[in-house]
Amino acid sequence: MSAVEDKIAALGLKLPQVVPPLAAYQPAVRSGAYVYTSGQLPMVDGALPATGKVGAEVGAEQAKELAATCALNALAAVKSVIGDLDKIQRVVKVVGFVASAPDFAGQPGVLNGASELLGEILGDKGVHARSAVGVAVLPLDAPVEVEIQVEIAE
């Protein structure tokens, strides 16, 4: 296992299998020194652990945990392209979408789940720019979706 995967295991987590695409796209692609993931849903063993809008059917704390699951799924997608997560030079950008109830305005707090997990796993390499966007609905009625862009070293 790589040092990054050792860190994931030390946190009591496991790098999942890549979530299969739901449509006509790849989970991640490489362009030069960068890997871009598609939006990752918080799938666990092929299913969503929760559905609905954050601030209605899903609480903000649960959504934060789901965002962390999305980030872990994104790392699995990155690994599928580069083979070894130790090649990550840094996480450049995280973009997160939160299916939000009309009066919910806590999208940044929800996306902290992804950002904090990337920081715990990657340390300074996990520090990134980020966008947190509230939306009406996400695929499969997921509460949150996260994509990441990473720079890799050869």
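1. Two strands count as paired if DSSP finds at least two bridges between them. The structure under review is a predicted model. Within it, strands β2 (residues 34-37) and β5 (residues 144-152) run antiparallel and are joined by three bridges. Tyr34 has Glu151 of β5 as its bridge partner.

2. These strands belong to an open sheet of five strands with mixed pairing, in the order β1-β2-β5-β3-β4. The edges are formed by β1 (28-31) and β4 (129-135); each has a single partner strand, so one side of each is left without a neighbour in the sheet. On average, and with direction ignored, neighbouring strands of this sheet are turned by 15° against each other.

3. Two helices that pack on the sheet deserve mention. Helix α2 touches β1, β2, β3 (88-99) and β5, and its direction makes about 40° with that of β5. Helix α3 packs on the sheet through contacts with β3, β4 and β5; the angle between its direction and that of β4 is about 145°.

4. The largest pocket holds about 490 Å³ of space. It is lined by 22 residues, of which Lys14, Pro16, Thr69, Leu72 and Asn73 are the closest to its centre. The elements giving two or more residues to this lining are α2 (60-82) and α3 (107-122). Helix α2 supplies the largest share, six residues.

5. What is the division of the lining of the largest pocket into nonpolar, polar and charged residues? The lining comprises 11 nonpolar, five polar and six charged residues.

Key: Residues numbered from 1 in each chain as written. Predicted model: local features only at pLDDT ≥ 70, side-chain atom pairs only at ≥ 80, totals over all residues. Heavy atoms only, no water. 1 Å grid on protein atoms, 1.4 Å probe; cavity = no way out; pocket = protein on both sides within 12 Å on 5 of 7 lines; lining within 4 Å. Points joined across faces, edges and corners; volume = space filled by probe spheres on them. Helix = DSSP H or I, 4+ residues; strand = E, 2+ residues; numbered from the N terminus. Nonpolar A, V, L, I, M, F, W, Y, C, P; charged D, E, K, R; others polar. Axes fitted to C-alpha atoms, helices over the stretch in contact; angles between N-to-C directions. Contact = heavy atoms within 4.5 Å.
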